[in-house]
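Biologist: Could you walk me through reading a few features here? I would like the general idea first and then the case at hand.

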Amino acid sequence: MSLARLWESLLPIGREDPAGGYRRYAFTQAEMACRSWFRAAAAERDLAVSADRNANLWAWWDPPAGDCAPGAIVTGSHLDSVPDGGAFDGPLGVASGFAAIDLLRERGRVPARAVAVAAFCEEEGARFGLACLGSRLLTGAQDPAAARALRDGAGVTLAEAMTAAGYDPALIGPDEDLLGGIGAFVELHVEQGRALAEPPGAAIGIAAGIWPHGRWRFEFTGQADHAGTARLAGRRDPMLPFAATALAARECAGSLGTLATFGKIAAEPGGVNAISSSVRAWLDARAPDQDGLDLTVIRIHAAAEHAARRHGVALSVAPESLTPPVGFDPELRDRIAAVLGAAGIDAPVLATGAGHDAGVLAARMPTAMLFVRNPSGVSHAPAEHAEPADCELGVIALAAVLEDLACR
Ligand SMILES: [Zn+2]
């Protein structure tokens with residue numbers, strides 16, 4: 001199967017972390033090399049390749065001239081990574097898209113409507129802080145002017161980075177012509193959990209929907225002082241209510257059946273021998289439904305207020321991003337389940353707590369997702385993995401879905 005060769009050629013690009021993690025951030029050298037890989041894969045297959053106005057890449061498998069049904073079927077995912085991320089999150093969906101087209105061509109299939117493989121820009125938000133930036137801009141879910149002004153950690157704006165990479169930032173924004181020509185989007189993705197790995201077990205899953213999720217910034221402001229001379233009794237140390245809040249978040253999520261994580265904190269001024277003046281911490285919370293998410297955040301906020309008062313520390317909490325629940329198109333999901341069933345592929349339906357471009361595109365078109373089993377469930381880390389046999393079954397499943405949607 002052509003997947004192995006596609007995979008081998010992409011694997012070395014952007015693997016900079018000594019532990020084997022990837023640093024493929026939007027418009028950096030590594031990510032531009034991934035874009036070149038995409039263009040080469042498309043050229044090798046005689047697929048017309050183009051970048052849209054938001055720097056998302058598209059490779060088109062067109063029906064014979066003069067015989068094209070409306071409503072293109074799009075598959076694909078993203079090529080960028082989180083800091084020191086795994087190899088599969090994103091690229092598996094893009095490489096599987098090309099490999100599925102190869103499989104259909106080997107079988108002599110001809111599309112009745114256009115089929116495209118897409119690679120969406122800055123899906124992880126690792127460089128400019130806003131996840132699914134390319135698909136949000138494409139669908140109009142993100143204001144272009146605000147996006148142009150987004151800055152990376154070194155102070156470079158999105159507009160500057162796009163210009164340096166040869167894209168025109170003045171063009172970014174909704175693209176109704178492109179969207180209007182798409183009939184459905186099917187994203188294949190490595191599973192970011194262990195639902196498929198656990199008994200009874202299956203190599204492939206179908207997404208039911210995406211949990212609502214969001215990010216909140218907690219800022220604890222205390223009084224900076226000397227770690228060696230300030231008495232314990234008089235201290236207003238913002239690290240302490242933060243620590244209590246992190247523990248409360250874990251307990252609260254455990255009791256509600258939700259997820260709550262503080263994965264990033266910034267202590268100012270950050271001296272080893274000083275009490276911090278402030279601690280900023282970012283809460284990532286996710287839940288099966290909106291009520292569960294709201295309750296999780298309310299309880300953690302209340303715990304933070306209680307702890308802050310106890311330590312004489314001021315607290316402010318602000319939401320930074322909120323994503324409502326996404327339910328994928330039930331008709332498309334049932335159709336895919338039937339196609340996979342007929343192909344003898346057992347594919348349970350499961351929900352996910354991870355965000356995806358498919359979740360953004362679902363607001364504008366029938367959208368579905370296929371998951372490929374991840375034995376450890378680890379993702380966003382070098383240990384992220386999927387077995388080659390499962391990945392190949394993913395290609396077979398995707399080809400069956402594309403054949404059903406586009407080839408008759
Ligand atoms: Zn992803």
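Modeller: Happy to! A salt bridge is a side-chain nitrogen of Lys or Arg within 4 Å of a carboxyl oxygen of Asp or Glu. Here Arg107, Arg109 and Glu403 are linked in a network of salt bridges. Keep in mind that this is a predicted model, where local features need pLDDT of at least 70 and side-chain atom pairs count only at pLDDT 80 or more, while totals for chains, interfaces and linings use all residues. Residues are numbered from 1 along each chain as its sequence is written, and side-chain values use heavy atoms, with hydrogens and water left out.

Biologist: How many salt bridges does a search of the whole structure find?

Modeller: The search finds 15. In one of them, aspartate 84 pairs with arginine 23, with the closest N and O atoms 2.5 Å apart. Aspartate 84 is in the loop between S3 and H3 and arginine 23 in the loop between helix H1 (2-10) and helix H2 (29-44), so the pair ties together parts 61 residues apart in sequence. Helices (H or I, at least four residues) and strands (E, at least two) are DSSP runs, numbered from the N terminus.

Biologist: Are arginine 35 and glutamate 31 buried or exposed?

Modeller: Buried means under 20% relative accessible area, exposed over 50%, and partly exposed in between (1.4 Å probe, protein chains only). Arginine 35 is buried at 5%, and glutamate 31 is buried at 4%. Their side chains meet in a salt bridge (2.9 Å, N to O), and both lie in helix H2, 4 residues apart, about one turn of the helix.
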